[in-house]
Amino acid sequence: MDTTPDRIEKQVLLDAPLERVWRAISDSTQFGRWFGARLDGPFRAGQRMNGSIQPTEVDPEVAKLQQPHAGKKMEFWVERIEPMRVLALRWHPFAIDATVDYSSEPTTLIEFTLEARGQQTLLTITESGFNGIPLARRAAAFRANDGGWAHQCRLLAKFLAMNPVA
């Protein structure tokens with residue numbers, strides 16, 4: 001019996017105002033710098049984006065973990081954008097094996113939700129839909145992304161500290 005949860009949720013209180021955090025998340029160039037990706041254009045609701053894994057610019061240790069995957073292709077589908085509040089994306093989670101065609105698999109939904117807390121911002125990252133991922137790779141995808149989102153929360157906080165007004 002599979003006991004893999006269907007969703008991951010991470011929260012972090014970021015020491016930056018809502019507008020700054022929104023730019024770091026919704027601007028695909030800034031997003032790529034902390035997340036560890038090079039994307040082919042801006043986030044636009046209803047659009048597919050292509051990119052490749054590019055080690056993060058903000059943390060050398062995490063960049064080392066990402067390095068073996070550098071250059072691997074990735075795709076996002078921009079589900080919705082609610083300025084200053086939500087960026088929702090879809091992707092094939094843990095789709096890192098270049099010999100596998102993931103296109104027939106369901107995607108998971110990633111939601112970046114922001115809430116102003118004075119001069120700070122509460123970010124909630126939720127990824128849901130793991131129950132639709134094929135059983136053979138579901139648990140591994142969940143484990144990888146659960147740890148990955150914890151890293152991403154720290155990377156975003158570092159990026160904001162390094163680039164407070166970008």
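Visitor: What volume does the largest pocket have?
Guide: In this predicted model, local features need pLDDT of at least 70 and side-chain atom pairs pLDDT 80 or more, while totals for chains, interfaces and linings use all residues. Residues are numbered from 1 along each chain, and side-chain values use heavy atoms, without hydrogens and water. A pocket is an open set of points on a 1 Å grid where a 1.4 Å probe fits, with protein on both sides within 12 Å along at least five of seven lines. Probe spheres set on those points fill a volume of about 810 Å³.

Visitor: Which residues lie closest to the centre of the largest pocket?
Guide: Lining residues have an atom within 4 Å of a point, and the largest pocket has 28 of them. Closest to its centre are I53, W91, F94, A95 and I96.

Visitor: Which element gives the most to the lining of the largest pocket?
Guide: Helices (H or I, at least four residues) and strands (E, at least two) are DSSP runs. α3 (60-66), β4 (73-82) and α4 (135-162) each supply at least two lining residues. With seven residues, the top contributor is α4.

Visitor: How many bridges join β6 to β7?
Guide: Strands pair if DSSP finds at least two bridges between them. β6 (108-117) pairs antiparallel with β5 (86-91) over six bridges, where R90 partners L109. On to β7 (120-128), which also runs antiparallel to β6: E111 stands opposite T126, and the bridges number nine.

Visitor: Which residue takes a positive phi in the hairpin of β6 and β7?
Guide: Two residues sit between these strands. The phi in question is near 65 degrees, and it belongs to G118.
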